[in-house]
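Trainee: I have a model open and would like to learn how to read its features. Could you walk me through it?

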There are 2 protein chains.
Amino acid sequence: MKTRRSDRLVDMARYMLERPRQLVSLSFFAKRYESAKSSISEDLSILKRTFQERGTGLLETIPGAAGGARFVPYMLQDEAETFIEDIRQLVDDETRVLPGGYVYLSDLLGRPDILRQAGRLIATQYLKDNIDAVMTAATKGIPLAQSVAEQLNVPFVIVRDDAKVTEGPTVSVNYLTGSSKRVEKMELSRRSLKTGSRVLIVDDFMKAGGTIQGMQTLVGEFDGTVVGTAVFAEGRSMNRLLERFTSLLHVDTNLSANTPISVTAGNFLKEIYKQEA
Amino acid sequence: MKTRRSDRLVDMARYMLERPRQLVSLSFFAKRYESAKSSISEDLSILKRTFQERGTGLLETIPGAAGGARFVPYMLQDEAETFIEDIRQLVDDETRVLPGGYVYLSDLLGRPDILRQAGRLIATQYLKDNIDAVMTAATKGIPLAQSVAEQLNVPFVIVRDDAKVTEGPTVSVNYLTGSSKRVEKMELSRRSLKTGSRVLIVDDFMKAGGTIQGMQTLVGEFDGTVVGTAVFAEGRSMNRLLERFTSLLHVDTNLSANTPISVTAGNFLKEIYKQEA
């Protein structure tokens, strides 16, 4: 049956929002709603305008009868600043400091509302990049990596430090932990990443960056390219192993539990929105 | 500025879709769009009708000036059957069979499109239940648990078999693995789950069910209630430890790699949609 414009708009919004970065053709929508392509084109202009006015993302429209639309989510600077300040306040809590200076973040990285926003924010940095996969290290990097992968609409792969019988053949690399200077091993299922992939590395927390350096080496073993590295929080580090990364938060602690914590915005805002400033 | 209906519909659809099960007040929308509550009410009727016609979910509207709306995602039987048949075909591939009869699923559980649908499907079973948290076991259960938690809009918590220094104080339980009859230990950060929570247990794969039984015990240690148990796939088991669970797929394999695999629909469709049949 032919659909009313109001109904089309609601359903098209849902359809596009659920499929970031995927090109959807005019013909598909015309058939789905039994409507003329010219009507669908007008609908897409409304979506585009609203998504832009509300800071939801970019609706790229490809004109012509063979055209379509592609939705690319992003977050504008104002919303990003508010979000980072919100999570900064949540982390800035000395009861989060654990022995050794570690910071408890698992509750925040288990909240869908925070993960959704963090994923959309990190995806904003790669608005114009082609990314084939998101890579993270088990266990605590997974939720954020999944959220970023949802916004980019690409698969995510999980690197592990323990071989499991359910992963099949793996590729492994050794890496040096930055903090304790031990040599560790990490591995990734051979089947989970295509050779030559363009990979975004995502993790929850970075100290010296040894784990991330290990993942970079692993990407190389798959003849892939590291497009970027993003972490939820970076800690204080005297001997950082890598330079190029973005962090949402910067966390400074002492080595004893329940001692003062100092949380500031990471380098993300400065790196990403600098051109607009 | 006052907003046009078409723009309101697009933005309201996005706003509600991003916040499953959360009550959003008429006043909030009236202010956001500088529009009369009566107009917002009409908008909500359009959303409700479209979400229902397209099988997206239920938009519960609470009438009156103090009212609002709550969006509860679900999946109808037709779409559920198509989705389960799609993933059944993807898993039904003998190159997935690993030594020991394990099945490689990590690629599928790393695909946002599959996870989104699986999450929405599993959430359908708990349409009328109050759930406070989703629980899973590291590592491979995490992606599905996160997807279900997104659809329910509640936090998810991760049970681990190895204490990490970043989890803080934990509660641990011992459990018997069903297949190898060994006693193992699993633990959950004390801080990650509120006492008395109503918990949905989600995992990627169940054989005898020992891990899930362990998680049930753990929920008890937090004085919580297990609302249900859902797994992506169940394997063949001679000595199943628990009875009440739902599975999207049932997978039968031999113990040698690359031998035939037999994949059928799990008990989910039968359990959930039986009343409509």
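Mentor: Let's start with burial: buried means under 20% relative accessible area, exposed over 50%, and partly exposed in between (1.4 Å probe, protein chains only). Here, Phe28(A) counts as partly exposed at 31% relative accessibility, while Tyr15(A) is buried at 10%. Bear in mind that this is a predicted model, where local features need pLDDT of at least 70, side-chain atom pairs count only at pLDDT 80 or more, and totals for chains, interfaces and linings use all residues. Residues are numbered from 1 along each chain as its sequence is written, chains are lettered from A and ligands numbered from 1 in the order in which they are written, and side-chain values use heavy atoms, with hydrogens and water left out.

Trainee: How are Tyr15(A) and Phe28(A) paired: stacked, edge-to-face or tilted?

Mentor: Rings of Phe, Tyr and Trp (its six-membered ring) pair if their centres lie within 6.5 Å; planes under 30 degrees apart count as stacked, over 60 as edge-to-face and the rest as tilted. The structure holds 10 aromatic pairs over all chains. The one between Tyr15(A) and Phe28(A) is tilted, at 5.0 Å centre to centre and 35° between the planes. Tyr15(A) lies in helix α1 (residues 5–17) of chain A and Phe28(A) in helix α2 (residues 26–33) of chain A, so the pair ties together parts that are 13 residues apart in sequence. Helices (H or I, at least four residues) and strands (E, at least two) are DSSP runs, numbered from the N terminus.

Trainee: Why is the pair of Phe29(B) and Tyr33(B) put in its class?

Mentor: Their ring centres are 5.8 Å apart and the planes are at 10°, so this pair is stacked. Both residues belong to helix α2 (residues 26–33) of chain B, 4 residues apart, about one turn of the helix. Phe29(B) is buried at 0% relative accessibility, and Tyr33(B) is buried at 0% too. Over in chain A, Tyr15(A), Phe28(A), Phe29(A) and Tyr33(A) make up one aromatic cluster.

Trainee: Which ring does the charged end of Arg190(A) sit over?

Mentor: A charge sits over a ring if NZ of Lys or CZ of Arg is within 6 Å of the ring centre and within 35 degrees of the ring normal. Arg190(A) has its charged end over the ring of Phe222(A), 5.5 Å from the centre. In chain B, Lys207(B) lies over the face of Tyr102(B), 4.3 Å from the ring centre.

Trainee: Which residues lie nearest the centre of the largest cavity?

Mentor: Of its 15 lining residues, Ile158(A), Glu167(A), Ser106(B), Leu109(B) and Lys140(B) lie nearest the centre. The largest share of the lining, 3 residues, comes from β5(A). Both β5 (156–159) and β7 (183–189) of chain A supply at least two residues each.

Key. On a 1 Å grid over the protein atoms alone, a cavity is a set of points where a 1.4 Å probe fits but cannot get out, and a pocket is an open set with protein on both sides within 12 Å along at least five of seven lines; lining residues have an atom within 4 Å of a point.
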